[in-house]
Amino acid sequence: MIDAVFHALAIILEIVGYMMMYQAFLCTPLHRDYKKYLYGLFGVLILYILGETFFGSQFVIYGGKIFGVIIPILYVKERKIKWYVLYPIISLLSVALRFGILFIVAIMLRIPEISISLQNRHYIILELLLIFLLFPFWLYERHMRGVWKEIEMYKRQYVILYVVFFITIVLLNYVRMLGIRGHMSVFEKNIWGLWIIFFCVYLMIISILNGVIGYQSVEYQEKLKDYQEFLALQEKQMKDIILSDEKMRKFRHDFSAHYLVMQSLCDEEKLQELKSYLNTIQSDLKWKHPNSFTGVTSVDAIIAHYLERAKEYGIEVYYKVSLPENIELELVDFCTVLYNLLQNAVEACENCVTKKKIILEVYPLQQAIYLVVQNTVATPFVVSNNELETHKLDKKNHGLGSRSVKDVAAKYYGSVIYRCEENLFISEVILMNKKNDNNSTM
């Protein structure tokens with residue numbers, strides 16, 4: 001009975017260790033509903049009792065790894081395939097770390113590692129040591145929440161990670177066989193085992209980091225491209241403003257001369273020449289005056305650009321735009337959201353055959369800024385889990401825009417809601433209008 005209690009406690013501690021690893025290494029958002037944790041652990045205990053009954057005491061060795069899958073099922077906020085795909089990686093990394101702890105203890109006590117691991121009650125101490133080891137990483141991840149984002153990788157990087165996964169399994173089995181059949185001394189076995197375990201952990205962590213960095217490099221390149229377009233739009237807007245100002249100053253400077261010429265033509269009653277002269281002045285005054293929607297050059301440049309593009313494709317645009325007097329959030333982040341929402345709206349309308357319409361609303365909402373973009377779509381669709389799936393052929397390098405919008409919303413403690421009502425797609429974004437000390441979304 002006492003052994004069964006120790007075994008059940010060891011499994012629960014193992015699951016706690018998995019949760020800490022999910023958060024510390026993968027930045028996985030977990031639920032804060034404690035009822036779900038209690039239900040999950042209660043279910044684990046029931047299943048453990050059944051496993052203990054049918055498979056015996058050795059079930060504790062595998063029980064935690066089997067029941068740990070409840071983390072991506074119950075405890076993760078958004079159920080995504082990647083959390084299930086990454087679970088074996090987390091499980092194996094946990095095994096490697098336990099082996100490392102065992103070898104360190106074995107070296108300190110000058111005993112074979114196998115003599116520790118075969119004693120079932122030591123599993124509780126082992127799990128507590130692992131939790132103690134993970135605690136600083138888990139605490140640091142919580143401190144950096146809002147700066148770090150949940151892990152994202154491409155398929156090719158998952159393949160590489162699983163190749164490393166199988167290599168690690170081979171190495172861990174070699175370590176186990178070394179402890180049983182090796183002809184070296186106890187100390188040499190422990191040292192070799194520790195070095196192999198260190199290499200396994202290093203290899204797995206580097207593989208995860210390589211996948212994350214590879215994904216982020218593509219994401220940053222897309223954001224850099226967006227920022228370059230922002231700058232180009234702002235430069236065009238500024239040139240229009242400067243040109244408008246220069247022409248206005250030139251007209252004011254020449255106004256006295258124009259007045260004298262028109263006065264002379266009136267005195268001589270040369271009405272036809274006067275009419276021709278007025279037409280000439282009128283044609284000179286026809287310059288393109290830059291639109292001012294908000295008074296913020298960068299924001300106005302993006303709106304003007306997409307209004308012009310919408311006009312080219314015959315898209316009706318209705319807009320009501322106003323910003324608070326004091327904008328505390330970073331304009332580059334606000335422009336990222338506005339740019340991506342309008343880009344998606346125009347691209348969706350381009351595919352429509354009949355009615356093409358975009359409605360843009362931006363206005364202050366208490367201490368926040370509210371953005372909503374509505375646009376017609378060719379065919380209605382269902383938005384699942386508030387996620388947008390790109391329909392472009394190059395899916396690898398697209399779909400980043402909607403993620404950029406969500407990143408900015410998370411940075412400013414806001415929200416993003418996507419929904420589709422018949423043939424009208426609606427994007428709603430709320431951003432808190434306050435400074436954020438975290439790093440930029442880029």
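A residue is called buried if its relative accessible area is under 20%, exposed if that area is over 50%, and partly exposed in between, with a 1.4 Å probe and protein chains only. The structure described here is a predicted model, in which local features need pLDDT of at least 70 and side-chain atom pairs count only at pLDDT 80 or more, whereas totals for chains, interfaces and linings use all residues. Residues are numbered from 1 along each chain as its sequence is written, and side-chain values use heavy atoms, with hydrogens and water left out.

The structure holds 10 aromatic pairs, where rings of Phe, Tyr and Trp (its six-membered ring) pair if their centres lie within 6.5 Å, and where planes under 30 degrees apart count as stacked, over 60 as edge-to-face and the rest as tilted. Among these pairs is the one formed by F165 and F166, which is edge-to-face, with 5.2 Å from centre to centre and 75° between the planes. F165 is buried, at a relative accessible area of 11%, whereas F166 is exposed, at 52%. The pair of Y418 and F425, by contrast, is stacked, with 6.0 Å from centre to centre and 20° between the planes, and both Y418 and F425 are buried. Ring pairs also link Y162, F165 and F166 into a cluster.

Attention now turns to the sheet. Helices (H or I, at least four residues) and strands (E, at least two) are taken as DSSP runs, numbered from the N terminus, and two strands are said to pair if DSSP finds at least two bridges between them. Strands of a sheet pair through backbone hydrogen bonds, either parallel or antiparallel. In this model, 5 strands form an open sheet in the order 1-2-3-5-4, and the pairing is mixed. Strand 1 (316-321) and strand 4 (415-421) stand at the edges, each with a single partner strand, so that one side of each is left without a neighbour in the sheet. On average, and with direction ignored, neighbouring strands of this sheet are turned by 10° against each other, where axes are lines fitted to C-alpha atoms, for helices over the stretch in contact, and angles run from 0 to 180 degrees between N-to-C directions.

Strand 1 and strand 2 are joined in the parallel sense by 6 bridges, and V317 is found opposite I358 in strand 2. Between these strands the chain passes through helix 12, and this β-α-β crossover is left-handed; a crossover is right-handed if, with the strands pointing away from the viewer, the path from the first strand over the helix to the second runs clockwise. Helix 12 (residues 331-350) lies across strand 2 (357-365), strand 3 and strand 5, and runs at about 10° to strand 3, contact being defined as heavy atoms within 4.5 Å.

Strand 2 and strand 3 run antiparallel and are joined by 8 bridges, with Y363 having Y370 in strand 3 as its bridge partner. The hairpin of these two strands has 2 residues between the strands, and Q366, placed in the loop between them, takes a phi near 55°, a positive value in a residue other than glycine. Q366 counts as exposed, at 82% relative accessibility. Y413 likewise has a positive phi near 55°, is placed in the loop between helix 13 (400-411) and strand 4, and counts as exposed at 54% relative accessibility. Finally, strand 3 (residues 368-376) and strand 5 (residues 424-432) run antiparallel and are joined by 9 bridges, and I369 stands opposite L431 in strand 5.
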